[in-house]
Amino acid sequence: QSGESDDPIVGWTTSGTARWMIDASGCLVIAPLEGEESGELGEWDRHNDAPWRDSSSSITSAKIEGQIAVSTAEYMFFFCSSLETMDLSGLDTSRVTDMSCMFQRCSNLESLDLSGLDTSRVTDMSCMFDGCSSLESLDLSGLDTSSVERMYRMFHGCSSLTSLDLSTLDMSRVEIMSWMFRDCSSLESLDLAP
């Protein structure tokens, strides 16, 4: 009998050596293949969407089970406009160089814990939080930005952010940061001093 309330929106789908599903409540679950402790999602890029892109508007939360590695994070949660909470603690981003548009247009996302993300190799954070209009605070203190060259439009449209502390970020290699705070209409305090 179809249409029961506990039916997943998208059932388990394999990507690389990992799998993902969207359960009935809209939670995107990313996990290793059955019986494994770790896995790696298949690759995508801006021309070849993240695996769940077609169902992104139905995602209300996201969590990682086990250890999941990715080789890119660009557009990973792009246009997940219903996404409110996420737990990225099992996500291995140690090989990622591109996080551009990772959370772009996650307009219902109110909080985000970035403390577990390895960003040591990331060179591009353009549009990373672009359009995250419900984010009220953002703790960037755990991010390693020593390799980042592009921060174009990084916080563009974060219209609920009232304060932002970038003092812990190494921005010595950043070449492009135009429109970085454009339309941050609630921003009252900004700390840039190292």
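**Reading strands, bridges and charges**

Biologist: How many bridges join strand β6 (residues 67-69) to β8, and in which sense do the two run, parallel or antiparallel?

Modeller: Strands of a sheet pair through backbone hydrogen bonds, either parallel or antiparallel. Here two bridges join β6 to β8, and the strands run parallel. Two strands count as paired if DSSP finds at least two bridges between them. Strands are DSSP runs (E, at least two residues), numbered from the N terminus. In this pairing, Ala-69 has Asp-92 in β8 as its bridge partner.

Biologist: What should I know about the model first?

Modeller: Residues are numbered from 1 along each chain as its sequence is written. This is a predicted model: local features need pLDDT of at least 70, side-chain atom pairs count only at pLDDT 80 or more, totals for chains, interfaces and linings use all residues, and side-chain values use heavy atoms, leaving out hydrogens and water.

Biologist: What is the strand order in the parallel open sheet?

Modeller: The order is β4-β6-β8. β4 and β8 are its edge strands, each pairing on one side only.

Biologist: Which five strands form the mixed sheet?

Modeller: They run in the order β1-β2-β3-β5-β7, as an open sheet. β1 (10-15) and β7 (85-87) each have a single partner strand, so one side of each lacks a neighbour in the sheet. Neighbouring strands are turned by 15° against each other on average, direction ignored (axes are lines fitted to C-alpha atoms; angles run from 0 to 180 degrees between N-to-C directions).

Biologist: How do β1 and β2 pair?

Modeller: They are antiparallel, over four bridges, with β2 at residues 18-22. Thr-13 has Trp-20 as its bridge partner, and Ser-15 stands opposite Ala-18. Two residues lie between the strands of this hairpin, and Gly-16 takes a positive phi near 65°.

Biologist: How many salt bridges does a search of the whole structure find?

Modeller: Side chains of opposite charge can pair when their charged atoms come close. A salt bridge needs a side-chain nitrogen of Lys or Arg within 4 Å of a carboxyl oxygen of Asp or Glu. The search finds seven. In one of them, Glu-40 joins Arg-95, with the closest N and O atoms 2.5 Å apart. Glu-40 is in β4 (residues 38-40) and Arg-95 in the loop between β8 and β9, 55 residues apart.
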